[in-house]
Amino acid sequence: MKPAPFSYHRATSVDDAVAALTQGAGMARILAGGQSLVPMLNLRLAPLDTVIDISRVDSLRQAHDDADSVRYGALVTHAAFEDRRVPDGSNGLMPFVAGQIAYRAVRNRGTIGGSLALADPAADWLTTLVALEGKLLIAGPEGRRAVAAADFVIGSYLTDLAENEMIEAVVVPRRSATERWGHYKVARKTGEYAESMAIALVDKARNYARLVVGATDGAPLVLEQAAQAFLDGRTDDALRVVIRDELLAAGREFSAARLTMHTTVAMRGLKGAAAK
Amino acid sequence: MKVTISLTVNGAQIRRDVEPRTSLADFLREELRLTATHLGCEHGVCGACTVMVDGAPARACIALAVSLDGAEIRTVEGFAEDAAMGVIKEAFHQEHGLQCGFCTPGMLISARDLIARHPEADDVGIRRAMSGNLCRCTGYQGIVRSIKSAARQLSSQGKQP
Amino acid sequence: MSAASAPIDGDNRQGIGSSPRRNEDRRFLDGKGEYVADIRVPGMSEAVFLRSPIAHGRIRSVEVPPEHQGKVFFAADIAFAKPIVAASAAPNFQRSDYPPLAVDKVRFVGDIVAICIAPTRAEAEDIAQACVIDFEELPPIWDIDVALAPDAPLIHDHWTNNLYVETRIETGDIEAARKSAPVTVRKSLRMGRHAGVSLECRGVVAHYDRRLDELVIYSSTQFPHVIRSILAECLGVSEGKLRVIAPDVGGGFGIKNNFNPEELAIAALSLKLGQPLRWIEDRREHLIASPHAREHRYELTAYADQSGRVLALDAVVVVDAGAYSVWPWTASMEAGMSAGIMTGPYDIPIYRGVARTVCTNKSPMGPYRGVGRSGACFAIETLIDEVARSVGRDPIDVRIENMVRPESMPYRSATHKLYDSGDYPECARRTAEAIDVAAIRKRQTEVSPDGRLIGLGMASYTEQTAHGTAEWVARGLPVVFGYEPALARFTPDGKLVLFVGIQNHGQGLETTLAQVANQELAIPVADVIVRHGDSSVSPYGMGTFASRSMTMAGGAVSAACAQLAEKIRRIGAHLLQAPRDEVHLADGRVHFGTQSVAFKDVCQAAFLHPERLPEGEDPALEVNAVYQPGRSTGAFSYATHACVVAVDPGTGHTEILDYVVCHDCGTMVNPMIVEAQVVGGVAQGLGTALYEEIPYDENGQPLASTFLDYMIPGATEVPDVRVLHMETPSPHTRFGIKGMGEGGAIAPPAAVLNAVNDALRSLNAAVTETPVTPERILDAIASSAGQRVSA
Ligand SMILES: Cc1cc2nc3c(=O)[nH]c(=O)nc-3n(C[C@H](O)[C@H](O)[C@H](O)COP(=O)(O)OP(=O)(O)OC[C@H]3O[C@@H](n4cnc5c(N)ncnc54)[C@H](O)[C@@H]3O)c2cc1C
Ligand code: FES
Ligand code: FES
């Protein structure tokens, strides 16, 4: 289980990395924490001829606290979130989520940028960023652009990233202080990818609710009708039906078991937020 | 094409040419003949290869050596003189925290890190924190006991890893 | 030799029944364990197997790129190596030739086509990746039903169908029982296929020792001596020209207890090329191509009376044994052992068991901790629950009432096993008490705040261990594992070295055998060195498997040490100028009143100063002994497991809230180690019960090939297991020891399934298959809801 040969480029800056990507013409890939890429290389599942190591681009490790958002460099690690070594504008949701990803040794190296770029539908950051209405700052040969997390993911392992673009940072809007979050993840084992996960954000003061379900074999699903039904104070049974119908309407061909699981998880996400 | 890297391994300054595809684990095991770091899966799941990279545990099987130019690596061999590790090892001995020994080096590295960060962890906390280190022999009970006992001893001696 | 009381002058503080810490720990804790992947030989190349990506096909050709010519080797290159043939003596057994490298046909995904060699593993993988195999694809036999279909293509061309063998056991008149029994209960069950997953994968290093003119094989194996015998046979060389070494072995569990084509292929190619080779299995190879475990199907019928007393049992066991019969166990071991112990701890007089072993295009089935007994326990224990439900009683009571009574021991089962000793009902009672059945039943009547359903499950088993000649002869295997040797040799400075034929891969045998020596010789455990795992070092022995090592090698060490003790007393008495029968051994010394001499002085006399020996005493202190149990029908360990689960009907997740084991393995040599073996076994059994599975798709592709899709339990998935001990010494073995290495893994699938179904009872749902995944639980709930709607 050893990788096929490849050449190695240690990027000195974002622009340098982008230039190397362009030169690689689709056969070059960014190495961030390596916690997903290197396993794929070891299993010979990631065809590439050049690895562009961005780990020395220090600017990508920084986080900035702005008035209405926090900006995280792509290389901020899961452990940095978990340990609150970076600012948080999510009322503690991001540190909590980070602590649920994999295992400490993986969190020490795995990065938020890498996780989002991979777009594993079962990954934690993806659902979280969609829930938090985060944005990704993307660097390419033509300059920089921003894209909403919800638009960034197109499907399982599919993103809006062109082959010569990279994620430079993630911007998360500061959430209102009165907002409460609920999080529910089911995984077969501790540290495993989710089988289903839901994040609910509820701000009773603003009559606001948002519900996102992840690990749904594609982009995370934003359940707007369910959120509304919740705000409308529908009974649990009625709410469950709304969630179920909305999940079904997404056209993901869930098995009966999956549908039950996602419905439960979504309910519990909402309940968790409501209970706080 | 090989790339020259220099890094510190167990306190020694090392300079070597490596193929970019060489993992840190293979670099340690094959190049430096430090074979305490074991390979149980080579895709980041089992934790047998856990070593310290710049003071934090990492999976050596999914870290590329070439990317660790300038890093400081510490393996179980490098903890031979470490007082805290001595206490942890003795606890593993007393509490029967190992059977075949294959997972043990990775367990020790993770255990030391856990005790350093959460000396007061309870059973549930220990189990959660150690969930990334698989053991096929012990059923974990002895390992949890060992870590609890080591943490207690270290804190009563006022020692922190 | 039969059970004997402990020697009078044994120093018991480190002897049998005490828990000294392990002698072997230090090297592992210091990172100095040496596993096969740590071994390097000068000039060594790395070998990688080019494995079949398809399940079933004929090899038309393999294209090797010009730059890799000369680095890829095929069956023709090692044509002198004979195929591995593991034929059972059972009538009509259809034998498979398992060649080290595929000759013309591949029979499972992972079957070996060629060996690629290069200076590094990565480069060898490059070569394998560059080779292109042209196959004539054949229909994949990916399932038992596909294999047994009347017009199914044959996996082995010369067979008449895809059935290795079918055997049966019939005791009593099952037809009469069928007609007369007031209660009939039927059950269909399945146990998923999984892998063994020692944390260390397998591996082989081979090189030629020019000085000794012998081929040296390092293999991560549980039985190096036996490997030498079969290797010699397959290579056509003398055993005198072969040395097999099992270095530190990172877990075995049965998967390293086979003679594998990899061992043969690497040895043969190394011999042929005169080139040191190393093959280290990676995790993907391990999951798809190392011998697999389980995959049983059961069709069961119990005939009972109104109280739930089982009068007769009719069982059909069908096992998917994969593409080849593994050596030495043969393909039929799994089904045969399951059918052969099916009545378990129960006194069921009438029995019909059919064991069918099916050949498919999957990795061969091999032994895995618990072997067929895990399936047998799963079958009978879920059936007993069902019987109890159908007569409206608590399964615990029905279980206990059906058990063999202690006063019936020794008891001959309907499957012709001779249970030697024990109190099965008491064991079940103690378990029930410890898990607090009443409290759980009460809790079940209350509504849980989180909506989870509570269930209690129990499972009992009896396990034949340390069986010797008679049993192995009855099984018709190519080797009869009847005995175990020990060579006990003092050093001139008073240390004892035990050379044994077993192999220690986590069981603590470097300590427990030292405890046996301590028992006989009163020598400190730290002064005893146990050497094993090297065919050129130890006397020929069978290895470590079948819960046999402690009993067998322990018996041999005891016999050898008892003779040494006699001699030491004689010499010591002479040195002390004391009468022979007034000296005793303690603390590594010979004592006479207040005087004593150290073993070291005795050894100095024995080895370096024969002039100090009593007249007529031979120099040296060394004894070789061979041990066989008094009866070779086995010492039966037994246990009852109980677990409490919480099942989440919304997500299908199962959490184990409590787990209790009460077991009896006869005399315990080291209770600390015994307990840890039980707990480790339970963890593995929970893997079978809840997590581990390698399903195959219709193309015969294994659907789990990494730890991302194959899950073994981690620290949060295994509960704190509470272990209670009973000790009924076996009448057949030295010290009354019974084997216990496997037991922990036997009952969890049954206990968990019973507990989950107990939890699901309020929903009228039931799961009948392991692993009990969230998906299966949710499906069971959905289908029972569907039935309710349509009803
Ligand atoms: C055992 C194990 C368990 C895990 N469990 C979980 C889990 O429960 N939940 C979870 O969410 N994740 C899990 N992960 C994945 C982990 O979170 C990874 O760290 C993460 O998915 C990838 O981050 P990375 O920095 O390591 O990226 P890398 O592995 O370096 O890269 C991943 C991919 O992203 C690309 N990439 C990386 N950075 C950028 C960038 N800035 N711009 C563009 N492309 C980029 C790479 O080219 C590559 O294709 C697990 C991993 C392991 C090994
Ligand atoms: S070998 Fe590195 S995590 Fe398993
Ligand atoms: S002791 Fe064997 S894997 Fe942990």
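Between chain B and chain A, 11 residue pairs are in polar contact, counting pairs in which both residues are at pLDDT 80 or more. Keep in mind as you look around that this is a predicted model.

Which elements of chain B give two or more residues to the side that touches chain A? They are β3 (50-53), β4 (56-59) and α3 (104-117). Of the elements, β4(B) gives the most to that side, with 4 residues. Sorted by class, the side of chain B that touches chain A looks like this:

| Class | Residues on the side of chain B that touches chain A |
|---|---|
| Nonpolar | 15 residues |
| Polar | 6 residues |

Now for the interface as a whole. In terms of contacts, 29 residues of chain B meet 30 residues of chain A. The size of an interface is often given as the accessible area lost when the parts come together. Here chain B and chain A bury about 2500 Å² between them, with 54% of it on carbon and sulfur atoms.

Salt bridges also link the two chains: the count is 3. One pairs Asp69(B) with Arg10(A), and their closest N and O atoms are 3.4 Å apart.

Finally, a stop at one residue of chain A. Thr263(A) sits in helix α11, which covers residues 256-275 of chain A. Is Thr263(A) buried or exposed? Thr263(A) counts as buried because its relative accessibility is 3%, and the cut-off for buried is under 20%. Leaving aside neighbours within four places in sequence, Thr263(A) is in contact with Arg240(A), Ile243(A), Arg244(A) and Leu247(A).

Technical notes:
Residues numbered from 1 in each chain as written. Chains lettered and ligands numbered in written order. Predicted model: local features only at pLDDT ≥ 70, side-chain atom pairs only at ≥ 80, totals over all residues. Heavy atoms only, no water. Contact = heavy atoms within 4.5 Å. Buried area = accessible area lost by both parts, 1.4 Å probe. Salt bridge = Lys/Arg side-chain N within 4 Å of Asp/Glu carboxyl O. Polar contact = N/O pair within 3.5 Å; in protein donor to acceptor, adjacent residues only side chain to side chain. Nonpolar A, V, L, I, M, F, W, Y, C, P; charged D, E, K, R; others polar. Buried < 20%, exposed > 50% of the residue type's maximum accessible area, 1.4 Å probe, protein only.
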